[in-house]
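Please read the following note alongside the model. The points are numbered so that each can be checked in turn.

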Amino acid sequence: MSVAIKVENLRKSFGDKVIHDGVSFEVYEGEIFVIMGPSGTGKSVLLKQISGLIQPDAGKVIVYGKDVFSLSEEEKFLFREELTYVFQGGALFDSLKVWENVAFFLLENKGIPENEARKEAERHLALVGMQGTEELYPSELSGGMKKRVAIARALCVNPKCIMFDEPTSGLDPVMTAIIDQMILKLKNELNKTCVVVSHDIKSAFRIADRMAILWNGKILEIGKPEKIKNSSNPAVRQFIEGLPEGPITTNLRYGR
């Protein structure tokens, strides 16, 4: 299997707070790789470092053979066409219509004529089941619809790899299943490599080819879903079973 992404001994701190303390793993081409862990463990920061949006304190990120933090400005521009990022809230431009959001990269960076960019936007919106929304503004969309538009925008760049930051956060179970099926479709039908950050256990096990558990700045375990489900690591078991960090204590005081 070809390696799409290689993370080597990544370290990152914000002030005195250590976020990553020697994180290393590989993502294979054409797989769905899910990074899980409790809230506040630096999952999104890790994704942004892989995408080149945040500089690590030490370590390397190699994407399709390129050292992300050694790229020239011109190389960074080309890199954005190989790997795209879907933000948790979609990060759509409120002042632009849906089709303009989807075609933004084509219009602003590729110089593609508006009529051609519009056709590409319509084609990618149809891929995510959002045809007919082209003239709407983000404020007219639900949370799930915004996430699908954001996915269409990422696809419009025709990347090899798509990074998803909590794609099902805040969604109801039905919309969560729709987004999960969409990510599976990207892999199975479009051969995209997908890296997904999530703390949604059910969603993660539904889509992952392999999973990594991030905890206290380190990768505790990595492997196929079955391996993670049967892990003997107490911290991994605690997370996937939804157990509190310590014994449950109650100290309720009732009013008079």
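Predicted model: local features only at pLDDT ≥ 70, side-chain atom pairs only at ≥ 80, totals over all residues.

1. The side chains of R118 and E122 form a salt bridge with an N to O distance of 2.9 Å, the term being used for a side-chain nitrogen of Lys or Arg within 4 Å of a carboxyl oxygen of Asp or Glu.

2. Residues are numbered from 1 along each chain as its sequence is written, and side-chain values use heavy atoms, with hydrogens and water left out.

3. Both R118 and E122 belong to helix 5, where they are 4 residues apart, or about one turn of the helix; helices (H or I, at least four residues) and strands (E, at least two) are DSSP runs numbered from the N terminus. An α-helix has 3.6 residues a turn, so residues three or four places apart point the same way. The pair is also part of a salt-bridge network that links K97, R118, E122 and E135.

4. In total, the structure holds 17 salt bridges. One of them joins E82 to K66, with the closest N and O atoms 3.0 Å apart; because E82 lies in helix 2 (residues 73-82) and K66 in strand 5 (residues 66-67), the pair ties together parts that are 16 residues apart in sequence. E82 counts as buried at 13% relative accessibility, while K66, with a relative accessible area of 30%, is partly exposed.

5. A further salt bridge is formed by K110 and E81, whose closest N and O atoms are 3.3 Å apart. This pair links distant parts of the chain, since K110 is in the loop between helix 4 and helix 5 and E81 is in helix 2, 29 residues apart.

6. How do helix 6 and helix 7 pack, and at what angle? Helix 6 (residues 143-156) and helix 7 (residues 173-188) meet at an angle of about 10°, with their axes 10 Å apart; the axes are lines fitted to C-alpha atoms, for helices over the stretch in contact, and angles run from 0 to 180 degrees between N-to-C directions. The two helices are therefore roughly parallel to each other, a description that applies to angles under 35 degrees, as against roughly antiparallel over 145, roughly perpendicular from 65 to 115 and oblique for the rest.

7. On the side of helix 6 the contact is made by G144, K147, R148, I151 and L155, which meet M175, I178, I179, M182 and L186 in helix 7, contact meaning heavy atoms within 4.5 Å. By class, this contact has 7 nonpolar, 1 polar and 2 charged residues.

8. Helix 6 is mostly covered, with 11 of its 14 residues buried, including V149, A150, A152 and C156. Among the elements that cover these buried residues are strand 6 (83-86), helix 5 (114-127) and strand 7 (161-165), together with helix 7. In helix 7, the buried residues include T176, D180, I183 and L184, and what they pack against includes strand 3 (32-36), strand 8 (193-198) and helix 8 (201-207), as well as helix 6.

9. Some backbone angles deserve a check. N158, which follows helix 6, has a positive phi near 60°. N9 also has a positive phi, of about 50°, although it is not a glycine; N9 lies in strand 1 (residues 3-14) and is partly exposed, with a relative accessible area of 37%. E166, another residue other than glycine, has a positive phi near 50°; E166 is placed in the loop between strand 7 and helix 7 and counts as buried at 7% relative accessibility.

Notes:
Nonpolar A, V, L, I, M, F, W, Y, C, P; charged D, E, K, R; others polar. Buried < 20%, exposed > 50% of the residue type's maximum accessible area, 1.4 Å probe, protein only.
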